[in-house]
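Reader: I am new to protein structures and would like to learn how to read one. Could you walk me through it, feature by feature?

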Amino acid sequence: MPAGPQATAEGTLTAAEPTEPEAEMGEHSASPEVQITTTDAPLEPALPPSERAKARIDDGLAWSYCGPRSKNDFAIRGPKDPSEEGQLVHISADAVELWRKQNLAVLEGRVEVDRGAEHVEADWAQYDRGNNLLDARGNIFFEQPGLRIAGAAAHFDLDQREGELQQAEYRLTNANARGSAESAFVEGRDHSRFRNISYTTCRPGDDAWVIDAEELTIDQQAGTGTARHAKLRLKGVPVAYLPYASFPIDGRRKSGFLVPSVGTSDTTGVDVSIPYYFNIAPNLDAILEPRYMSDRGLMLGGELRYLTRRHSGELRAEILPNDQKAGAGDPKTRGAFSFRNQGVLAPRLSSDILFNYVSDDVYLEDFGNSLNVTSRRQLERHGDLRYSWGDWNFLGRLQYFQTVDPNLARVDYPYSRMPQLVATWQKPNQRWGLSYLLDSEYVYFNHPDKDKVRGQRLALRPAVSLPLRRSYGYVTPKASVLLRNYDLVDPAPDQTSNRSLAIPTFSLDGGLTFERRIDWFGRASRQTLEPRLFYLYTPYKNQDDLPVFDTTDIDFSFASLFRENRFTGRDRAGDANQITLALTSRTLDNAQGEELLRASIGEIFYFRDRRVQLPDQPEATNSRSTIAAETVARLSRNWSTAFSLFWNPTGDGQVEVGSASVNYRTPDQKIFNLGYRFNRGVVAADTNTRVEDTDVSVRWPFANGIHLIGRWKYSLFYDRTMDSFLGIEYERCCWAVRALARHFITDISSGSNTTFMMQLELKGLGDIGSGIEDFLERGIRGYRID
């Protein structure tokens, strides 16, 4: 046997004279180039077997959270030189024996082998230079991008980038997953296979949930894991067995069953949905959702989403072939369809298409899941084209509504716009500081009742203003004129088929700002006082002979005090000779500019009666408007409040509309919300709408890791609970469980519904049960899933 190598003082490697001719090495000249180095440092005492490798495997990995992580969140050992990715192998050790005839190197003590992005550490190794094979023992540590493995013994084929490790412990750094295996097989850069394995995304030392499997295959390129003969254990207790299971190991989507939902209601009976997700392509996916309702039968629903370079869209459909609860004369086959597409057709040219359809007027009432959905009475359909060019913006629209209110007479259905053409032009900061504006619109209004007036309306509204601003205030005079022309079909007896009119408007808006320094609960701040005056004049012109296509009263609010027209749409231009007086005070944090308090109050004073009204409404003769007041305050880092009141100082002097809310939220999601609102039905555009309800929602800890979650929305007007749910949430780094019961109504005149939801979330693996995160985010203000 040849003598072993010797280390010189400089630490480079020399060898004793070979006993075999040097020519015997020449036949191996085609082998990969190898650089072998040693150190002249003494051997360090080794840690107990596997302890060093176990400590090494978590080096640089932060287990502050569980589940898939961004690739930038951890360190990946890369090649020492990207140009060396192909052939060069770096080997270092404390001691080396060279066997030239066999072309072997035996390495001991702090062995490190690098080839490209792959790295191996061991206590002992034998390197076959001719075949580029490596056998290693003792405290094995292997690393390549996305994978780390520690083991007792290993064999590697460096040419094929393959290896086998025994008694392995591993980390999937992209998936933030870990476990142990009897054997681990590395099969290239992105594929690995494990035998008799455990798998979890919990932190080291915490095995809240574990998958035990006979075999697990990891495909990092596809982002999937595939287990065979797998058992799911929760706290060590087996709860499920799957002969075959596939799951995502990162944030990418994967086909498979989504969380089922189970509930019960008066309209559907027992209600069970089991959706299946299809990951068709990176920009295309779909959901197929069978839904069984014990009182109505089997419904099939689906959803398709797509995203291209220029378009994005979503299509939803559902059908109930045989409604078992349908009465005599009612449709047996029922369904719904919706489609939305938004696209960019060319530079500055975009499109928006929306289509909604239900088979009958009570479909939403029977199959909706909230009062907001079931109270919808108009389903919109439209097609929009938008184009911008310099100071111009254009809109072309076709708009139609499906009415689903069985109590609404056909004559009261909304008009469709077939078409609507809008062009706006703005030119601010021109000569002498003037700003110019032009709004123009052409619409042809159609109606399903052929006895009702139809026709076209052309409206132009040019305006000029002179904004004058200083640090202490501003004043903006503005003049405009509304030009309209109507060409009507089948006008009413009191209407003319063609009418043109022009109505000018003048407004003057001005305000001042006063400031002072104050202390806001220990925070250096400044307080402002901002009085504002808004004068509006529009002469009276009789418009009773004009149809009402798209015009309603504006809901009263603080912002409406400063509008130039008290009507929406363009069928009425309200006459006005009035002045608005308002006062706002703000408290702003000096350091960050955060608004800590804003309080506003305002009122309109009328100099004459308002004679222009909608049909069947009397002239307004009051000399003062309702007083609008609102306050928003951030009392501390966690507490905030908001209040609003609309008080009528004339007549009976009652408060017509009001709301109040108190909100508490901490960074760790401790949440309490309390709200109250009412509407006496006097100010709102729909005077038959009366609301008075309270709303309480909470997420609050009451034991270690356990949170109470709940909401109670109660109508004082109807003396009835509108929506409520109560449940618990228990969350740890790698898993969470949520369970709740919900009681709600979908129609004020119908019975209530009760549903039960439960979800077990295994971070990095998936959910089992009802997916309720979106529901909680809607129901509890400030709630979020990180």
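Author: We will start with the whole chain and then turn to single residues. Please keep in mind that this is a predicted model.

Reader: Now for charged side chains. How many salt bridges does a search of the whole structure find?

Author: For a salt bridge, look for a side-chain nitrogen of Lys or Arg within 4 Å of a carboxyl oxygen of Asp or Glu. The search finds 52 of them.

Reader: May we go through one? Which residue forms a salt bridge with R115?

Author: The partner is D159, and the closest N and O atoms are 3.2 Å apart. R115 belongs to strand β6 (residues 104–115) and D159 to the loop between β9 and β10, so this pair ties together parts 44 residues apart in sequence. R115 has a relative accessible area of 4%, so R115 is buried. D159, at 37%, counts as partly exposed.

Reader: What about R566 and D575: how far apart are the closest N and O atoms?

Author: In that salt bridge they are 2.9 Å apart. R566 is partly exposed, at 25% relative accessibility, while D575 is buried, at 1%.

Reader: And which parts does the pair R742 and D723 tie together?

Author: These two form a salt bridge with the closest N and O atoms 3.2 Å apart. R742 sits in strand β44 (residues 735–745) and D723 in strand β43 (residues 720–731), so the pair ties together parts 19 residues apart in sequence. R742 is buried, with 8% relative accessibility, and D723 is buried too, with 13%.

Reader: Is R148 buried or exposed?

Author: At 4% relative accessibility, R148 is buried. This residue lies in strand β9 (residues 147–157), and a polar contact of 3.1 Å links the R148 side chain to that of E143.

Reader: Let us turn to the backbone. Which two residues are joined by a cis peptide bond?

Author: The angle to check is omega. Between M418 and P419 omega is about 5°, and the peptide bond is cis. P419 is found in strand β27 (residues 416–427).

Reader: Where is R161, and what is its phi?

Author: R161 is in the loop between β9 and β10. Its phi is near 55°, a positive value in a residue other than glycine. R161 counts as buried, at 17% relative accessibility. Another case is Q167, whose phi is near 50°. Q167 lies in strand β10 and is exposed, with a relative accessible area of 63%.

Reader: To finish, which residues form a nonpolar patch on the surface?

Author: F278, I280, L288, L300, L304 and I319 form one, with about 490 Å² of accessible area together. Strands β19 (276–281) and β21 (297–307) each supply at least two of its residues. L288 is in strand β20 (residues 284–293) and is partly exposed, at 37% relative accessibility.

Reader: Thank you! I will go back to the structure and look for these features.

Note on methods:
Residues numbered from 1 in each chain as written. Predicted model: local features only at pLDDT ≥ 70, side-chain atom pairs only at ≥ 80, totals over all residues. Heavy atoms only, no water. Helix = DSSP H or I, 4+ residues; strand = E, 2+ residues; numbered from the N terminus. Buried < 20%, exposed > 50% of the residue type's maximum accessible area, 1.4 Å probe, protein only. Polar contact = N/O pair within 3.5 Å; in protein donor to acceptor, adjacent residues only side chain to side chain. Patch = residues over 30% accessible without salt bridge, like charges linked within 9 Å, V, L, I, M, F, W, Y side chains within 5 Å. Areas by Shrake-Rupley, 256 points an atom, 1.4 Å probe, with all protein chains shown as cover.
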